[in-house]
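Hi,

Here is the structure I promised to pass on to you. Please have a look at it first, and then read on for what turned up when I went through it.

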Amino acid sequence: MTTTGTVRPARVPARTGAPGNGEIELGYRLRRSAWSKGYATEGSRTLIRKGFTELGVERVVAETMTVNLGSRRMMEKAGLTLVRTFHRDGLDAVEGFEHGMVEYALTKADWARDLRGMR
């Protein structure tokens, strides 16, 4: 089984300004056989922790289609919260595009506060 997780600079300038401002985008893609097994959540939490503790990250963002409920649940389990719903050009060939996209985010301060609350 192959799973991947990536942390890369956010690429949506209209959202936050220029990349390199302490914000990264969380991305993941798993084979269908790996869905609903916790791999994306576990991997995302690990990447988020690394970003906040080792890489100087201040904010993590992630996007998915509004209709992708599995991805949205995973983002919430990883600690991100819904920021906005928006529409993006060029997705009209994808089923569910008419419902738009959602952006989720987590700041380092919120992450640290949540960690303290777990102790």
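**The core**

The largest nonpolar core has 18 residues, and those with the most contacts inside it are Ile 48, Phe 52, Val 60, Met 75, Leu 80 and Leu 106. Two or more residues of this core come from each of strand E2 (23-30), helix H2 (39-54), strand E3 (59-65), helix H3 (69-77) and strand E5 (101-107). Please keep in mind as you read that this is a predicted model.

Leaving aside its neighbours within four places in sequence, Ile 48 is in contact with Leu 26, Val 60, Ala 78, Leu 80, Leu 106 and Trp 111. Of these partners, Val 60, Leu 80 and Leu 106 are also named among the core residues with the most contacts.

**The overall layout**

To step back for a moment, the protein has 4 helices and 5 strands. Read from the N terminus on, the elements follow the order β-α-β-α-β-α-β-β-α. Buried residues account for 34% of the 119 residues. The accessible surface is about 7,600 Å², and 52% of it belongs to carbon and sulfur atoms. If you take the contacts between residues at least 6 apart in sequence, 60% of them join residues at least 24 apart.

**Helix H2**

H2 has 16 residues and spans 22 Å from its first C-alpha to its last, close to the 22 Å expected at 1.5 Å a residue. Which residues of H2 are buried? They are Ala 40, Thr 41, Ser 44, Ile 48, Gly 51 and Phe 52. Seen down the axis of H2, these buried residues fall within an arc of 95°, so they line one face of the helix. Two of them, Ile 48 and Phe 52, are also among the core residues with the most contacts.

The face of H2 turned away from the buried side carries the exposed residues Glu 42 and Glu 54. Glu 54 counts as exposed because its relative accessibility is 55%. Its side chain meets that of Lys 50 in a salt bridge, with 2.7 Å from N to O. Both residues lie in H2, 4 residues apart, which is about one turn of the helix. An α-helix has 3.6 residues a turn, so residues three or four places apart point the same way. Lys 50 itself counts as partly exposed, at 37% relative accessibility.

Tyr 39 also has its place in H2, and with a relative accessibility of 36% Tyr 39 counts as partly exposed. The C-alpha atoms of Tyr 39 and Met 74 are separated by 9.7 Å, while the two residues are 35 apart along the chain. Just after H2, Gly 56 takes a positive phi of about 75°.

**Salt bridges**

How many salt bridges are there? The count comes to 6. Side chains of opposite charge can pair when their charged atoms come close.

One of the salt bridges joins the side chains of Glu 23 and Arg 59, at 2.7 Å from N to O. This pair links distant parts of the chain, with Glu 23 in strand E2 and Arg 59 in strand E3, 36 residues apart. Is Glu 23 buried or exposed? Glu 23 is buried, with a relative accessible area of 5%.

Another salt bridge brings together the side chains of Asp 110 and Arg 113, at 2.6 Å from N to O. These two are 3 residues apart in helix H4 (residues 108-118), so they are separated by about one helical turn. Asp 110 counts as partly exposed at 27% relative accessibility, and Arg 113 counts as partly exposed at 46%. Elsewhere, salt bridges that share partners join Glu 23, Arg 59, Arg 84 and Glu 103 into one network.

**A serine in H3**

Ser 71 counts as buried because its relative accessibility is 10%, and buried means under 20%. Leaving aside its neighbours within four places in sequence, Ser 71 is in contact with Tyr 28 and Thr 64.

Over to you, and happy viewing!

Best wishes

How values were computed
Residues are numbered from 1 along each chain as its sequence is written. This is a predicted model: local features need pLDDT of at least 70, side-chain atom pairs count only at pLDDT 80 or more; totals for chains, interfaces and linings use all residues. Side-chain values use heavy atoms; hydrogens and water are left out. A nonpolar core is a set of buried Ala, Val, Leu, Ile, Met, Phe, Trp, Tyr and Cys residues joined through side-chain atoms within 4.5 Å. Buried means under 20% relative accessible area, exposed over 50%, partly exposed in between (1.4 Å probe, protein chains only). Contact means heavy atoms within 4.5 Å. A salt bridge is a side-chain nitrogen of Lys or Arg within 4 Å of a carboxyl oxygen of Asp or Glu. The expected span of a helix is 1.5 Å times one less than its number of residues. The arc is that of the directions from the helix axis to the C-beta atoms. Accessible areas come from the Shrake-Rupley method with a 1.4 Å probe; for residues, only the protein chains shown count as cover.
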